[in-house]
Amino acid sequence: MSTTSERSGLERTRRLGVETTGIEIIEESERTARPQDLFWPWFAANVSVFGLSYASFVLYFGISFWQGVLVSVIGIVVSFALCGVIAIAGKRGSAPTMILSRAAFGVNGQKVPGVISWLVSIGWETFLAILAVLATSTIFTRLGWGGGTGTKVVAAVVVAALIVSASVAGYHIIMRLQSVLTWITGIVTILYMALTVDDIDWSAVQDIPAGSTQAVIGALVMVMTGFGLGWINIAADWSRYQRRSASGPSIVAWNTFGGALAPVVLVLFGLALAGSSTEILDGVAGDPIGTLATLLPTWALVPFLLAAILSLVSGAVLGIYSSGLTLLSLGVRLKRPQAAAVDGVLLTLGTFYVVFVAEDFAGPFQSFLITLGVPLAAWAGLMIADLALRRRDYDEEALFDPAGRYGSVDWTAIGTMVVASVVGWGLVINTFSDAASWNNWQGYLLGPLGLGGRDGAWAFANLGVLFALVIGLVGGYVLRRSTVQRQES
């Protein structure tokens with residue numbers, strides 16, 4: 001009787017469109033997606049007007065407009081192309097990213113990068129929710145509707161409810177939702193650009209002096225970390241429903257096109273806006289969306305707010321959905337919707353804390369992002385190397401069996417990731433030492449390697465992220481070649 005009841009409930013859930021699949025392998029009958037379907041989730045999650053604010057972060061490195069254009073285009077496109085490469089694993093293995101990572105790290109060894117991935121996803125989705133709440137408060141104040149504590153509480157509850165509801169529903173509903181959000185946010189974003197283009201002062205933009213090579217590299221790394229590398233740990237989650245016959249290059253291309261298209265346009269436009277006004281340049285650090293809204297006429301504030309919230313929610317939905325899958329990959333015994341709900345509670349608590357208790361969040365968050373970005377870049381390098389070495393699809397059963405061909409722990413992969421992280425952390429510094437004093441231990445290799453120390457020219461280049469990526473990639477390819485060959489023999 002209970003079995004019949006459970007099956008009946010499962011069928012009702014599926015009819016509603018709720019995804020019941022967790023970290024298990026996707027059945028062949030359900031693998032119906034095409035490479036072009038990847039455009040929708042990646043475009044919708046990255047068409048956020050928040051992308052405009054990244055221009056201020058770029059110019060804060062002290063570089064010129066044209067240098068900003070160069071690092072933005074290269075950083076965004078390359079970082080999302082790396083996401084596209086990881087997405088191939090989803091097609092080849094039909095499982096979430098962190099489950100597929102077991103092939104490189106071992107079934108239990110994967111928990112090391114898994115914990116880091118989970119923290120990054122939780123941090124990102126909470127950050128996006130916070131931005132949505134602050135934007136609501138700022139715009140309500142501008143409209144004279146009151147933007148105080150009551151508004152923030154309601155906004156926090158509504159935003160959290162939207163994010164959690166969609167992520168609990170799962171893949172199929174999210175994919176339909178993202179295709180709708182793409183049109184809404186895209187249209188309003190174009191409207192925003194049309195209304196603010198007159199605020200661009202091209203003479204002021206052209207007069208911004210050029211920065212040093214170190215500053216350009218620092219801005220490039222920040223862009224890569226803030227865009228594609230910020231999503232790379234979940235890239236295969238959205239390609240695991242791809243047909244087995246889907247083209248790998250097509251998956252990379254559509255992933256890159258969908259993820260990079262909107263950010264490239266938005267950041268370039270934002271560079272022109274931020275370069276025209278020191279008020280915009282300085283205001284973005286405290287309230288990115290609210291600062292951008294100050295350029296709009298009153299009648300446009302409501303559609304702008306709607307689009308801003310929906311675009312931020314769209315990105316947070318992808319994050320919380322994947323963080324739930326990562327939580328399951330760590331051995332937490334919950335169903336997928338329950339895992340998403342748990343992360344939703346953490347998101348809500350984090351949002352309330354930052355909005356109502358913390359005095360500053362942008363500084364600590366960016367410091368947190370660079371810190372976790374180092375081991376995440378090392379993991380990405382190892383994962384890409386593992387994909388390049390493999391000539392066959394994954395052994396799906398072995399991904400869940402510590403005694404299988406992938407083993408329990410691949411100490412070579414773990415060791416490479418540790419070395420890459422130690423080197424990487426030694427080559428980055430905490431640029432927000434006042435707001436995040438807990439993170440002032442980094443940069444210990446800048447002096448010994450003759451790079452000027454923590455106060456030198458290379459201190460702000462964030463070389464550690466690039467070094468971690470390269471060490472992971474080269475180390476994984478060279479040191480694990482025989483291991484992969486043995487696994488596939």
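**Contacts, core and salt bridges**

A: Leaving out residues up to four places away in sequence, serine 53 touches Val284, Pro288 and Leu292, where contact means heavy atoms within 4.5 Å. This is a predicted model, in which local features need pLDDT of at least 70 and side-chain atom pairs count only at pLDDT 80 or more, while totals for chains, interfaces and linings use all residues. Residues are numbered from 1 along each chain as its sequence is written, and side-chain values use heavy atoms, with hydrogens and water left out.

Q: Where is serine 53, and is it buried or exposed?

A: Serine 53 is in helix H3 (residues 50–59); helices are DSSP runs of H or I, at least four residues, numbered from the N terminus. Serine 53 counts as buried because its relative accessible area is 0%. Buried means under 20%, exposed over 50% and partly exposed in between, with a 1.4 Å probe and protein chains only.

Q: What about aspartate 287, which residues does it touch?

A: Aspartate 287 touches Leu134, Ala135 and Thr138, again not counting residues up to four places away in sequence. Aspartate 287 sits in the loop between helix H14 (278–283) and helix H15 (288–293). At 15% relative accessibility, aspartate 287 is buried too.

Q: Switching to the core: how many residues does the largest nonpolar one have?

A: The largest nonpolar core has 139 residues, and Ile163, Ile232, Trp238, Phe304, Trp379 and Tyr394 have the most contacts inside it. H16 gives the most to this core, with 15 residues. A nonpolar core is a set of buried Ala, Val, Leu, Ile, Met, Phe, Trp, Tyr and Cys residues joined through side-chain atoms within 4.5 Å.

Q: And what does phenylalanine 304 touch?

A: Among the residues that phenylalanine 304 touches are Val49, Ile139, Val188 and Tyr192, as well as Ile289 and Leu292.

Q: How many residues of H16 are buried?

A: In H16, 26 of the 29 residues are buried. Helix H16 covers residues 301–329, and its end C-alpha atoms are 42 Å apart, which agrees with the 42 Å it should span at 1.5 Å a residue. The expected span is 1.5 Å times one less than the number of residues. After H16 comes glycine 331, with a positive phi near 105 degrees.

Q: OK, salt bridges. How many does the structure hold?

A: There are 11 salt bridges in the structure, a salt bridge being a side-chain nitrogen of Lys or Arg within 4 Å of a carboxyl oxygen of Asp or Glu. One of them joins glutamate 28 and arginine 244, at 2.4 Å, N to O. That pair links parts 216 residues apart, with glutamate 28 in the loop between helix H1 (2–15) and helix H2 (39–46) and arginine 244 in the loop between helix H12 (228–231) and helix H13 (248–276).

Q: Which glutamate forms a salt bridge with arginine 244 at 3.3 Å?

A: Glutamate 396 does, with the closest N and O atoms 3.3 Å apart. Glutamate 396 is in the loop between H18 and H19 and arginine 244 in the loop between H12 and H13, so the pair ties together parts 152 residues apart in sequence. Salt bridges that share partners join Glu28, Arg31, Arg92, Arg244, Asp393 and Glu396 into one network.

Q: How exposed is arginine 244?

A: Arginine 244 counts as partly exposed, at 30% relative accessibility.

How values were computed
Helix = DSSP H or I, 4+ residues; strand = E, 2+ residues; numbered from the N terminus.
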